[in-house]
Amino acid sequence: MDKKEVETLFDVKGKVALVTGATGSLGSHICLGYGLAGVKVKMTGRNKEKLEKLYNEYTAKGIDCAYSAGDPTVEEDVIRIVKETVDKYGEINILVTAHGLNNPKSIIDHTLEDWQAIIDANVKGTWLYCKYVGEQLIKQGKGGKVILVSSARSKIGMKNYTGYCTSKGGVDLMAQSLACEWGEYGINVNTFNPTVFRSDLTEWMFHDDTAQTKFLTRIPIGRLGEPEDFVGIAIFLASKASDFITGANIPVDGGYWAN
Ligand SMILES: NC(=O)c1ccc[n+]([C@@H]2O[C@H](COP(=O)([O-])OP(=O)(O)OC[C@H]3O[C@@H](n4cnc5c(N)ncnc54)[C@H](OP(=O)(O)O)[C@@H]3O)[C@@H](O)[C@H]2O)c1
């Protein structure tokens, strides 16, 4: 190992990433972080207007990016978006699934349709992207990095979370199973597992003393997350520095799992 190898361990410049949920709090920050690190970023989500706005904002910063609107739970959309990414950039090296849905309700109040929508978004949508990007990565024959956004709730139950916890537990095991399937192709598959971070849905918690007190007693770092907190792990898991890590469910949670 020489100095240059160490200095370039985290270098992701020139790679091509496909990021789902790019319109969301976490997804948009990962696209920005990757773009500023020199990654070519294909952004996707269902909301075309939001994608266009991000595209304008990021290209103005000199980022090489593109977007395709589509639903991660619709197979034809996923096939099309993977193809459009390859048509635009020639290949895919990194997949990040950062889309997701929660709709907390008791099992009694949840309809089957409510529950199914969570499972479809979080499990089916992730599986479909893994299937079609995985096929492309295997065809390219030079490995790849698959990064699934899970949750600290994947291994800890919670009242009113029979949809969300179940779905994120599924995402963790999907990564472990795919790690076993794709090790021989040099494709790393990992999750990172956040605790609460700032988004449209969680913003209220940052202004609610009861919620803050309840959560912060469990978080040794002493604060809730910010979307920027996940850019480092997303770059690490996309880089050479993580080549020997696969099938891992990595907490990025201020110590929540440790406490
Ligand atoms: N925020 C937290 O505290 C927290 C904690 C732990 C884990 N997470 C996980 O982190 C990821 C990103 O969360 P976030 O807070 O950034 O969420 P967010 O801001 O709500 O963004 C999520 C994105 O997912 C897409 N989406 C929403 N519902 C969908 C559905 N039914 N089908 C398909 N796509 C859907 C939306 O994009 P379009 O409308 O454009 O499709 C949305 O922009 C999710 O997997 C979430 O479960 C979040």
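**View 1. The shell around the ligand in the predicted model.** Helix 2 (25-36) and helix 5 each contribute at least two residues to the shell around the ligand, where helices (H or I, at least four residues) and strands (E, at least two) are DSSP runs numbered from the N terminus. This is a predicted model, in which local features need pLDDT of at least 70 and side-chain atom pairs count only at pLDDT 80 or more, while totals for chains, interfaces and linings use all residues. Residues are numbered from 1 along each chain as its sequence is written. Gly24, Gly45, Arg46, Gly100 and Ser199 come nearest among the 29 residues around the ligand, a residue being near if its C-beta atom, placed from the backbone, lies within 6 Å of the molecule. The shell comprises 11 nonpolar, 14 polar and four charged residues, with Ala, Val, Leu, Ile, Met, Phe, Trp, Tyr, Cys and Pro counted as nonpolar, Asp, Glu, Lys and Arg as charged, and the others, Gly among them, as polar.

**View 2. Helix 4 and its buried face.** Helix 4 (residues 75-89) has 15 residues and reaches 21 Å from its first C-alpha to its last, close to the 21 Å expected at 1.5 Å a residue, the expectation being 1.5 Å times one less than the number of residues. Val78, Ile81, Val82 and Thr85 are the buried residues of helix 4, where buried denotes 20 or more other C-beta atoms within 10 Å of the residue's own, exposed 12 or fewer, and partly exposed in between, with C-beta atoms placed from the backbone. Seen down the axis of helix 4, these buried residues fall within an arc of 100 degrees, so they line one face of the helix; the arc is that of the directions from the helix axis to the C-beta atoms. Glu76 and Asp87, on the other side of helix 4, are exposed.

**View 3. Valine 86 in helix 4.** Valine 86 lies in helix 4 and counts as partly exposed because it has 18 C-beta neighbours inside 10 Å. Leaving aside neighbours within four places in sequence, valine 86 is in contact with Glu91, Ile92 and Gln136, contact meaning that the C-beta atoms, placed from the backbone, lie within 7 Å.

**View 4. The largest nonpolar core.** This core has 55 residues, and those with the most contacts inside it are Ala17, Val19, Cys31, Ile147 and Ala234; a nonpolar core is a set of buried Ala, Val, Leu, Ile, Met, Phe, Trp, Tyr and Cys residues joined through C-beta atoms within 7 Å. Helix 5 gives the most to this core, with seven residues.

Conventions
Contact = placed C-beta atoms within 7 Å.
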